[in-house]
Every structure is written in structure tokens, then in C-alpha cells.
Amino acid sequence: MTLRLAATPSGLEAAAHILRDGGLVAFGTETVYGLGGDASQPKAVARIFEAKNRPRFNPLISHFPTAAAAFEQVSASPLARKLAETFWPGPLTLVLPRAPGSTVSDLAADGLTSLAVRVPRGDAVQTLLALVDRPIAAPSANRSGRISPSDASHVLEELDGRIDAVLDTGPCMVGIESTVLDLTQPDRPVLLRHGGITPEALEAVCGPLSYPETASDTAPVSPGRMLSHYAPTLPVRLDVTHPEATDALLAFGPTPARGAGYVFNLSEQGSLEEAAARLFAGLRFLDKKGAELGLKAIAVSPIPAQGLGLAIRDRLHRAAAPRPEEGNLT
Ligand code: TXA
Ligand code: MG
């Protein structure tokens, strides 16, 4: 049985208590719901992997209430501090050298010498993290390879009975995961994953970014970059301008293409912020609705490849990718 806790003082206390005890609590952040466990307890971390059915070689992000708490676990360069000042709390994850005294377990860091840290935005999540007062490992609260949850009910669809509790903090405001930036290379920051902070915003603070070599499915730099991910049940086609009657259309903008069997518009105003916030809920909804109506596929309208559109296109690209065997996903 998975408890559903309200984000009240007593709900937050209960959630903190479960986490300190080594239990698993999913909670909302500004990006997506995370599946939280105490990163310093290997058993709790092992339970996260088990609940998600996630391959063990994927390192987890550790979450903190403040930059000061995060920087106890890593060696923060001046650039890291500047980025933290600018973007935290917020949807940016920094990969930094793990500090010698780090209390994050090897299992959470996947034995790497680096550690991914982030300070999420949101009153409830910040209160929770402060109450627990330990690094909290939290991958997105979905079963491995599936659509990330942006609402407490999505978490229960994915993980009911597999985790101790979900703290209902309402729908996620950004709706797409954090941007992951690797600061372990001396020469320049490497953008490992597009997300809630745009490359343009980052470059304004830290100058030109590098990008890793193309994602490999076997030995990825950032394993979350593996191709198939966010997979709905129906097949997905991208950049569709002439949908079929058997398509459920994930549309964008004021003039959605005609002809689809069903339409869900990510943003009638053509706002990328609104589209990001509605992306995962929209995919989930169309997957269900399409199956209900006997439709055959999810077709996606073109989305501009700029700003947050880069992160949206990245997620959609993965949702459309050929799917490997179950259990071989991140
Ligand atoms: O918005 C988010 O980041 C959400 C919320 C819950 O905070 N979390 C999330 O976690 O998306 P997850 O586990 O689904 O994705 C973590 C990403 C993966 O791409 C992983 O490979 C990368 O961060 N990562 C973690 N530690 C890393 C490290 N030491 N070096 C490189 N990449 C790392
Ligand atoms: Mg994920």
C-alpha cells in the first residue's frame, strides 16, 4: 500500500520520517515527481532501483534544501557557485567532483568520482529536504523507460504498492526534468541533458557549452541519455504536418493540423513554457485516450528547436525511439 500524503506540516513530517527510516517517498519538484530515498543508506538506494526496475549502472541525482548543503558533498568551483547563485533553487543539476567526506553512498553515485547535485524549487520539497537533512537521491518517479510523472496521480499509476508514500505537492510547474551540466572537465561545461534551464540562459552565465559525443546505448556518459525513454504504449511519430485519422495528435500552436482522430494541444498560444509543463501529462492522456478510441499512434506536431523546445524535442525524440527489451532502459 502506498500512502498518499498531503503537503501539510503533518504530511511533511510523516514523509521525512519515512525517508530517515530508509523508506521511499515520491514528492513533487518544479520539474517532475522524484522517487526519493536517503542517498546515504545503500539499502534505501537499492530499493529505488528495485521499485523503478532501473538498471544499476545509472547514477542518481542527490537533492538538497540549499546550495550550502549540496556543496558539502562536492568540490564546488567558482563557476559552480555562480551557477548555483543564478539558478538555484531551480531546474539545474550540476555534476561535480565528489568531496572526500561525501556521505552519499557508492550505490547512489554508481561508484563514480563525480556526483550530480541539485536544489529543487518548491516550498514543500524544500521543507521536506530540510526536515530530512540528508542527501536525497531521486530519479523521476516512473517505472524505468516510461513517461515521467508530473502529478501525484501519475506516480500512483506507475508505482502504487512499490513505494511507501507519495507526497502530493500538486502538478509540477516546469514539467520537464532538470538540465544536467557536467562541470568536471577543466576546459568547458558539458551539457549532458537538455531540461528546464535553456542552453541560452546557461551560456549567458558560463560562456559556450560543449556537448558530449552522440549518446551510446551501451556506455553512455550520462546514462539517462540512452535513447528509448518516456515511452507511451502507442508508437510515436514526430514532426507530423498531415496526421492520419488513426492518429492521436499532440499539437502545438494556434492552428493545429486537421485530420487526426483526436487532438490534445500542448499550447494553443504556442508557448514553450506551457508546452513543457503539459508534455508528460499530454502524452499520458493521449496514450489512454488513443487506445480507448482505437487509434493507432501518437503523432506530434513540429515544435521549434529553440529554448525549452530543445528539451521538449529531446523527450519526444526518445518517446519515438525504437524500444529495447523491457528492463534495458533507464
Ligand atoms: O528534474 C530532475 O532532474 C528529476 C527530479 C526528480 O529532480 N530527476 C531526474 O533524475 O530526472 P533521473 O535519475 O531520471 O535522471 C538523472 C540524470 C541521468 O541522465 C543520469 O545519468 C544523470 O542525471 N547523472 C546522474 N549522476 C551523474 C553523474 N555523476 N555523471 C553524469 N551524469 C549523471
Ligand atoms: Mg527519468
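## Asking how we know

The protein chain has 10 helices and 14 strands, counted as DSSP runs numbered from the N terminus: helices are H or I with at least four residues, strands are E with at least two. This is a predicted model, where local features need pLDDT of at least 70, side-chain atom pairs count only at pLDDT 80 or more, and totals for chains, interfaces and linings use all residues. Residues are numbered from 1 along each chain as its sequence is written, while chains are lettered from A and ligands numbered from 1 in the order in which they are written.

Q: Why is Thr103 called partly exposed?
A: A residue is buried with 20 or more other C-beta atoms within 10 Å of its own, exposed with 12 or fewer, and partly exposed in between; C-beta atoms are placed from the backbone. Thr103 has 14 within 10 Å, so Thr103 is partly exposed.

Q: Which residues is Thr103 in contact with, leaving aside its neighbours within four places in sequence?
A: They are Ser40 and Pro135; contact asks for C-beta atoms, placed from the backbone, within 7 Å.

Q: Where does pLDDT stay under 50?
A: Residues 215–221 stay under 50, as do residues 326–330, on a confidence scale from 0 to 100. Where pLDDT is low, predicted coordinates should not be read in detail.

Definitions and conventions. pLDDT = per-residue confidence, 0-100. Contact = placed C-beta atoms within 7 Å.
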